[in-house]
Amino acid sequence: MAVIPWPLKNVPRHGTPASSGASAPEETAALASALIQSRQTILPKRLAAPGPTAGELAQILCAAAHAPDHGQLTPWRFVLVPAAARPALADVFAQALQERDASATAEQAEQAREKAYRSPVLLLVVVDAQRGDTEVDAAERLVSAGCAVQNMLLMATAQGYGSALTSGKALKANSLRALFQLAPSEQAVCFISIGTVASRKAARARPAATAYVSTLDPHQGVVPGF
């Protein structure tokens, strides 16, 4: 995978005016901003074939390795669920529903099963609370996993695919833990779905940074904005 060299060349220094056109950092920042802002959750039912090729999927998975990871623990892993394994996952979804709701109808069970067949690429995100240095807090491990997942979503977006994260009560089911052979210290966090966008909803409005950023002022305490 290509790596952007840093520091970037042709960067104006010491007040020297930039040459005509955007500088390399500006162009890179604009590209990154466009990519980030173009990422949108596309529900699995709106994802169709074809999915990423083997090479594209490898790019997506390799992107995860560049997430922040204190102590290089790699406290997360991903389990690919290919087409041949979808029936087993469908059975688990239906069983998990019956376990938490004995009154679930056959139609509801079938709806639960159907979720296993959505999207060409399906991965389970697993986080280990004890891998490596146990002094590294579980929250930090989850943050690292979130960064790894975001890297993957952005790579899929850059390749032209849609993606989504899905969760649900089935993630805590013993049958799912058994299917994916999770260790006692491991937690199934969510599923990642990737595929070609068949349809999409209008992009949702995003909050301005001032809505969620404040500044610690030495005299006034925490004040709004930045």
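The model is predicted, so local features need pLDDT of at least 70 and side-chain atom pairs count only at pLDDT 80 or more, while totals for chains, interfaces and linings use all residues. Residues are numbered from 1 along each chain as its sequence is written, and side-chain values use heavy atoms, with hydrogens and water left out.

**Salt bridges**
- The count is four salt bridges (a side-chain nitrogen of Lys or Arg within 4 Å of a carboxyl oxygen of Asp or Glu).
- Asp91, Glu110 and Arg113 are linked in a network.
- Arg113 pairs with Asp91, with the closest N and O atoms 2.3 Å apart. This pair links distant parts of the chain: Arg113 sits in helix α4 and Asp91 in helix α3, 22 residues apart (helices are DSSP runs of H or I, at least four residues, numbered from the N terminus).
- Glu110 also forms a salt bridge with Arg113, at 3.9 Å between the closest N and O atoms. Glu110 and Arg113 are three residues apart in helix α4, so about one helical turn separates them.
- Glu114 forms a salt bridge with Arg118, with the closest N and O atoms 2.8 Å apart.

**Accessibility**
- Arg113 is partly exposed, at 23% relative accessible area (buried is under 20%, exposed over 50%, partly exposed in between, with a 1.4 Å probe and protein chains only).
- Asp91 is partly exposed at 41%, as is Glu110 at 48%.

**Cysteines**
- The whole structure has zero disulfides (cysteine sulfur pairs within 2.5 Å).
- For Cys62, the nearest cysteine sulfur is that of Cys147, 18 Å away.
- Cys190 is in no disulfide, and the sulfur of Cys147 is 13 Å away. Cys190 is buried, at 9%.

Methods:
Helix = DSSP H or I, 4+ residues; strand = E, 2+ residues; numbered from the N terminus.
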